[in-house]
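Welcome! Please take a look at the sequence and the structure below, and then we can walk through some of the features together.

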Amino acid sequence: MSLSKNDAKPILSCLFFLVFWIVPILYTGLTQRKIAFFPRTIRYFQSVGNLFTHRVDVWPMPYIQVLLAGEENWKTLLEKDYFPMETFGYRTRLFEALYYATNILDYDRKTQATRAEIARWIAKRYAQLNPGALPVQFVRFVAGLHFMDPREPPAGHWQPPPYESFPEEKTYILSSHDVR
Amino acid sequence: MMFVKRSFDSSRPYVGTHLGFPGASFLQFWFGPVDGIRLSAFRMAMATAVFLYVLYRWVCAEEWLTEAGYHVSEANLPYHDLVVPLVPSAFLLWFGVLLLGGLAAVIVGWQLRWTTWLAWACLLYVTLADQLSSFVTNKLAVVALLVVALAPHNKVPHSVWPVRVLQITLIVSYFTAGWNKAVWGEWLKDPYVLWSQLQGTYRTDLAAWMIRTLPLGVWPVLQYAALAFELLAPLHLGIKSLRVVGLLWGLSFQLLIAATMHQLIYFSLVMLSFYVLFVDEKLLHRIYNLFTKGRGARIHVTP
C-alpha cells in the first residue's frame, strides 16, 4: 500500500475532523459527558447540542446596586451603562457571568470570586462614568423573579421592569461585596 | 491494494475510488469526486452569516474585546483555560478591518488560499478572547471555516470529504440537540417546555404575540414538531429522496427560531448555511448563473 502526497492531505484532514469533531460532538451530545483526554479548550468546542432542554418556570432578572459612601439607600444602576452588549437573546455579559459562567446553585469559591471581581470592576467603572461622585463602598447583585403564568402573558419582548416594581417576595440578593 | 497516486483534478480518480475492493464504496463516500459548487456556495453562505454576526457585535466591540469591558480573570475562567490577551484599544479598528475584511474576502472568493485562514484565525481569536459571549454559533462557525480552509479552493470537482464532514456536522448537531431534549431534558415529559423557553430572555415581540394569541394547546404541537425534526434529521437529511421535506421543514424551523428568539437569527443563518450542502447541484448552478448573469465561469457538474 502506498500513499502519495496528494492523497495524504484529504485523508489526514478527514481523520482530524472525525477524531476531534464528529465523534466527540456525537458522544458528548448523546451522553452529556465530555471526552476526558482532550484538553479543556478542545472539549469546550465539542459541546454544541445542549440548548433549551428544560422547562423554566421562573426567569431571573439581574440588577446591579451600589451603596455610596455616606448613603443609606442602595442605588440601582442602569445595566446598559456597564454591560451594553447583548450576547444571546437579550442577555448581557453580566447575565452570562452571574448565571451561566458561575454556578448559581452552589455558592462556591469560584462563583464568589467571579462576582467579587465584577463588583470591583463596577465600582471602578462607576467612578469613571461619574467623575466627582461619592465613591462606591458596596456593590450587590440582586434579582427580580419573573414567573411564567398563562393568565399573565407577556406584552412584548423581554425587557426587565424597574427593580423597584417587583414585590419584595419576588426579589432576592445574589451576593453582596465590600469594595472599599 | 494501493491507494491511487494521482493528483486531485477533474480528469483523474480520487483516493482509492478506482479500486474494486469492498472498501471502495466507503472511500467513495468520503473521498469520491464532487462538484465544487456545493462547497463554494457553503463558503459564501457561511462567511456571510458570520460577517453579519460579527458586524452586529462590532457595535459593542470595546466591551467585547478590549479592557474597557469586564473580562473574567485568569483564575476564574469559566469554560476553558486558554488565556488570550485582549485587543489594545488603539488597534481595535485595525483588528476589525482584518476580521471583517477577511470574511468579506472569503465571501467574494478573493485570495482564498490565505484569506480563509485569516478569517478563521480572527474568528477563533474572538471566540477564545471573551468566554462570556461565545456560544454554539461561534463554535460551529470556527469549525466550518477550518474545514473550508483545509479544503481545495478551486471550483473543479474535488474530493468530497469537506462536504461530508459538514453534512454530518449538521445532522449530528440536530440529532444530538433533539436527543438532549428528549432523553436528558424534559421535552417528552412536559408539553410546555417550548412555551416556557420562549418567554425568557430570548423573547421577541413576535414570540410575545404568539404567546398571547395562540391557544395553549398549540404549543405542544409546535414543541413535538420541533423535536421530531431534530430527532429525524438523520433520515430526512440523510436519505436523498426525503431531503426536500427535510430542507423545507428545517427552513421553517430555523426561520421560526430567528423570528421568535432575539439574536438567534445569526445562529439560524449559520445553521442554514449548512443546508446548501444538501441542495441539488444543478439548482446551485442555476442560482450561481443567475447572480453572475451567465458571466461566471462554468462550474463543472460531476455526472
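Predicted model: local features only at pLDDT ≥ 70, side-chain atom pairs only at ≥ 80, totals over all residues.

How are H2(B) and H4(B) oriented to each other?

## Two helices side by side

Helix H2 (residues 37–58) of chain B packs against helix H4 (residues 92–108) of chain B at an angle of about 155°, and their axes are 8 Å apart. H2(B) and H4(B) are therefore roughly antiparallel to each other, as an angle over 145 degrees counts as roughly antiparallel. Their crossing is left-handed.

Which residues make this contact? On the side of H2(B) they are Arg43(B), Met44(B), Ala47(B), Thr48(B), Val50(B), Phe51(B), Val54(B), Leu55(B) and Trp58(B). On the side of H4(B) they are Gly96(B), Leu99(B), Leu100(B), Leu103(B), Ala104(B), Val106(B) and Ile107(B).

## Another partner for H2(B)

H2(B) also packs with helix H14 (residues 281–292) of chain B, here at an angle of about 55° and with the axes 9 Å apart. H2(B) and H14(B) are therefore oblique to each other. The crossing of this pair is left-handed.

In this contact, H2(B) brings in Ile37(B), Arg38(B) and Ala41(B). H14(B) meets them with Glu281(B), Leu284(B), His285(B) and Tyr288(B).

## A look at H12(B)

Helix H12 of chain B runs over residues 243–260, 18 residues in total. From first C-alpha to last, H12(B) reaches 25 Å, close to the 26 Å expected at 1.5 Å a residue.

Which residues of H12(B) are buried? They are Gly246(B), Gly250(B), Gln254(B), Ala258(B) and Thr260(B). An α-helix has 3.6 residues a turn, so residues three or four places apart point the same way. Among the elements of chain B that cover the buried residues of H12(B) are helix H9 (205–213), helix H10 (218–231), helix H11 (233–236) and helix H13 (264–275).

## Chain A and its domains

Now for the other chain. Chain A is divided into domain 1 (5–45) and domain 2 (58–178). The C-alpha centres of these domains of chain A lie 38 Å apart.

## Where the chains meet

Definitions and conventions
Residues numbered from 1 in each chain as written. Chains lettered and ligands numbered in written order. Helix = DSSP H or I, 4+ residues; strand = E, 2+ residues; numbered from the N terminus. Expected span 1.5 Å × (residues − 1). Buried ≥ 20, exposed ≤ 12 C-beta atoms within 10 Å, placed from the backbone. Contact = placed C-beta atoms within 7 Å. Domains from an automatic or database assignment. Axes fitted to C-alpha atoms, helices over the stretch in contact; angles between N-to-C directions. Parallel < 35°, antiparallel > 145°, perpendicular 65-115°, else oblique. Left-handed = near helix turned anticlockwise from the far one by under 90°.
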